[in-house]
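Good morning, and thank you for making time for this presentation.

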Amino acid sequence: MSGLMISFLYDYIYTVYVTLTALLFYCGHAGMEKVTLKAYALTLLPTVLLSLLTHLRLKERLMLIGITLAGMTGILIVYSVSSGSLSFPYNPRTLPLLFISLASFATGFITARSTIARISASAAVVLFITLTLEGIIHPLPTGIFPAMGIILTSVCDEIQIRWKKEGFTDNKAHLVFTMPFISAILITASLIHYPADPYDWKPFLRLRDGFLSVIDRIEYRIAPASDAITGFSENGTLMTGLTSSSTEALRISASTDLNSPLYLSGRICDRFDGHSWKKNDRSDIPERTFDVLESISSVKLYSDKLRDYYTDVSINVEYTNTKSHYLFAPSKLTAKDSSSEKSGITEDGGDLVFTGFNPYHLSIKESYLHPNSDHPGFYSYMQSETLPEEEQWKEALSVMKINDKNGALSYKKYPDYRAFIKKTYSEDIPISGELAKRLSSLYEGADSEYEKMKRLEASMQEMKYNLDPAPIPDEVDSPSAYLEYFLLSGNGGYCSYYATAFVLLARAEGLPARYVQGYRIPAHNKETCIVTSGMAHAWPEVYFEGKGWIAFEPTPGFYTESVWSMSSEITAPSFSPKPLPSAPPATPSSGNAEAVKRADSKSHNSALIIIPSILIIVFFILFVLINRLLLRHRLRALNAMERQIFLSKDCLNILKLLGCGLTEGETLSEYRSRISSAVMPEALAFISDYENVLYSKPGSFVTDTEKIYKCRRLLLKVLKEQNRLRYIIKILFP
Amino acid sequence: MRRNWLILAALWILSLMGISFFGGTISYGFFAVVTMIPLTSLLYLILVLARFKVYQHFECPEIVSNHVVPFYFTLQNEDWFPFSGVRVTFYSDFSSIEGLDDSIEYELLPKTKIKKETMLLCRYRGEYLVGIKAVTFRDHLCLFKITYNNREPLRATVIPDIIVLDSLKSFDAEALSDKESSAGVSHPDVTVREYTTDDDVRRINWKQTARLGKLAVRNDIGEEKDGIGIIIDTRRISSTPNIYLPTENRILEIAIALSLFLSGKNIPVCSYHYNRRVEKHIIDSPVTFNSFYEAISAASFEYTPDGNGILKVLCEEKDLFSKRMILIITAAIDDAALECAKALNENNISVIIYLVEKESPCIPKASVLPHTKIIAVPAEGNLNNIL
């Protein structure tokens, strides 16, 4: 392999890897799923041409340019004839691809010549891979292979350059001949089909989890729960000056997309002393189950479409780093997986509590009823005041797949449950003065208790949210005092303040209500949602007899509608008629129009042939002129002796074209005598001079350039007479 | 190489982390490429190993120790891929390649060959392997190194060097020569015999003729009887070539050097060595020296656990006692050598023992014998300064 070829291939190895990387990056960025053959051709061919141009001699460069122009013209002609119009096959992506090609060539050219450039290119590739993995850039995935090619080539080249060796130590040749091995790696790797998911590196992950688990457990044991930061707390005191925190607590994944927030109830409180909530309810009544049964049976009484009012959602709750003994579950929990039963969960006054162990890294599947609470139909449902009957109760038991053998959840127990709820969560809270006026104004004209609560919820939403409210004064020592202080001072507060106020106002209205602490998880899709301590929340729940507990969201800025279409609203899909495609433009039907079109087409075709032809002719003229100029310049640069040799060789070439070439082993004298009969002797006068120049001592022979020019002219004249074509070629390409 | 492995290991661990946390072609592709790098390098080296060709030869059929001979070797690549790093190592225990650093690595591009014309120097007499011992290959990424031991090594048969001594320091050869001339004066009665017709008349001893009444001719056997005997101890003292080759070489060099020197001084020399039988060589002319040199070059040393036997056999030669001086060249002074020396001393024959040892030789108790001199000769070094 010649040095020229090695030099070209060496440069091109770098260029091709850079070009392919850039191309695949661009295509990915442009949203293309794969690279077309045209795109490859448009980027790689110009780089081949440019690389060749940098390595060829001038004459060869000019010829290459000519061939390229001719080729492009040919392609243009073929394209134009096939498409029927003279136009460049322009595509919006053509220009970027050509730019990529030029930029890649320049980068590859520099990379092949500089160690710093090679290091920079490798660093750029590492950055490229990192950004791609992080999802910041989006190249086509196969872009990794040419990108790795840049690194491998650079490394291999640098090793060779620094390696002290003897023998054939041309690093360029070495890289060219080693390239099959490097390419084999990249091609093999690119042919493998890779999974889209991370490798399930179980031993590695188990090791990592085990290590982190030990650290977490130690931290869990020794770190006290801080009250002054956001996060779930078993302390019901309304504090001030909360610090925002975002420690991971739970991980939630749902079976469907959650379009509205998910409330995970943790601790339920029933008594408020003006500063903090307490829990007096320590009963073992299965309040949660009664609540779900009441809700289902009540809907069954109102409508046979349970899913119009409540939808069943499954979630998976994973405890990652929460310091609590409470099971976080939606209020209307319909089921939890059997493993959680084994975990020793008991019901404590409506709360679900782990007994005897910390829920560390426990994962529990839960199903719950999500209310369609903002649908007008739900309003109507809530306004109905009838209590469910035994028939609906049994249906509810059947829906929940509860086999109530001992009768603990029977319909007969239902009145007791209602009485218990009223007794536990009701309170007489006197309200007077300004606050009473405001509330009567707010409730005026309300059709139901539910509507009153919705109005109250909406009015609180307009208040001020404040993570750092002023401390509650010591004189606030009762629920009434708290309401007066909180609602009339205008200081605002965070969720606990609003939930407290709402619960107390609901109770003041005669409705059983409770204060719930837990987590509020914003709406999200099916992907796993990381629940942080910052998502800890408090909200009120109000008991509507015959309907069950309903959660409200009085905290300003936290309200999100929970609504979906009821079955009666879903009709067959209708399609609006699409506008018909516009009629094709009227084609000229007259014979004259056709003739005009043909004439236009003919003129286009003529132009297609004439313009490229002119271009080719112009190129040839330029080529001939430049070549002659260069020749003249070269001759001028030679000394007399060299010029004599050069012109003599040229004359010998002309003789060769005449069919009188010098044969191998023949001396110049023998040659002259051999051809003297075929060519006029005057034209052969240069041979003796040439012989003298070659074999005499330097400086001893006086050159006669005029003589040799005369011989040349004579020989050309003979050539012109004998073979005109060869003469023209000789004149054009001297 | 270690640095390259560390970098590769770091990249591999990174790629493992990549596939552990990210799916898709990017992370897995990176992992696949990094994993395949060493495999491809190894494959490359195996290819090089299978296709590499090395030729070597030296021109002289007979190599003399400590004399260089032309040595050629050719590394050849007849394939389409380059040989990135080829290092040639030579046998260096007993021979060396002059003017060539064997730490140099060579690179061979496709269809190329490197021919090196160097000189081979064999240091010891004997038969051993010389030239290319092994060829070490390294891959293009400097990750692996494979050494291929030459399965077709060159075996050289090296004959001992002839060292010409300028003078003899270990004993006075001139004086020995004088004693020879005065032998007839001191013991005339026992050195005549009856004249025979073939005798030269100039050799007639007229005094004895007058005394005996018949023609008596001086008995001229003194030059044979009274020359110097050289006992060459051909016991192999070890089974390790590194130990026995230098000492055997030096023993033969001493024998040859002394023989050449003494014969040059017209002192008759008779050598004795054991080569499956006791071989005796009289060296009194260039022709007899050449035959002695050939014989001693081909002498084989024998390793026997009770090696005293050979020297004992040699010392039992009766004509040893007719010599004026006995030179014993040995690699170990043991009971056999001492008894031999003692017996010779008792017959008024001086003994010089040349003790050759690889390490710095130490003179043993033998030095107490009255007419025995022990000269320690190291296995390496210039003999001119010692003998």
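I begin with the interface: about 3,800 Å² is buried between chain A and chain B, and carbon and sulfur atoms give 78% of that area. Buried area here is the accessible area, taken with a 1.4 Å probe, that two parts lose on being put together, summed over both. On the chain A side, the residues that lose the most area to chain B are Trp163(A), Phe168(A) and Phe181(A), together 20% of what that side buries.

A word on conventions. This is a predicted model, in which local features need pLDDT of at least 70 and side-chain atom pairs count only at pLDDT 80 or more, while totals for chains, interfaces and linings use all residues. Residues are numbered from 1 along each chain as its sequence is written, chains are lettered from A and ligands numbered from 1 in the order in which they are written, and side-chain values use heavy atoms, with hydrogens and water left out.

In terms of contact, meaning heavy atoms within 4.5 Å, 41 residues of chain A meet 43 residues of chain B. There are 13 residue pairs in polar contact between the two chains, both residues being at pLDDT 80 or more. A polar contact is a pair of N or O atoms within 3.5 Å; within protein, one must be able to donate a hydrogen and the other to accept it, and residues adjacent in sequence count only if both atoms are side-chain atoms.

Which elements of chain A supply at least two residues each to the side that touches chain B? They are α5 (115-133), α6 (144-162), β1 (166-167), α7 (171-191) and α8 (202-222). Of these, α7(A) gives the most, with ten residues. Helices (H or I, at least four residues) and strands (E, at least two) are DSSP runs, numbered from the N terminus.

Between chain A and chain B there are two salt bridges, a salt bridge being a side-chain nitrogen of Lys or Arg within 4 Å of a carboxyl oxygen of Asp or Glu. One joins the side chains of Glu166(A) and Lys116(B), at 3.6 Å from N to O. Glu107(B) also forms a salt bridge with Lys165(A), with the closest N and O atoms 2.8 Å apart. That pair joins two chains, because Glu107(B) lies in strand β6 of chain B and Lys165(A) in the loop between α6 and β1 of chain A.

I turn now to the sheets of chain A. Five strands form an open antiparallel sheet in the order β7-β10-β6-β2-β12. At its edges stand β7 (333-336) and β12 (529-532), each with a single partner strand, so one side of each has no neighbour in the sheet. Inside this sheet, β6 (residues 310-319) and β10 (residues 363-371) of chain A pair in the antiparallel sense over nine bridges, with Tyr310(A) opposite Pro371(A).

A further open sheet of chain A has four strands in antiparallel pairing, ordered β3-β11-β13-β14. Strand β13 (residues 536-544) of chain A is joined to β14(A) by four bridges, and Glu541(A) stands opposite Ala551(A).

How values were computed
Two strands pair if DSSP finds at least two bridges between them.
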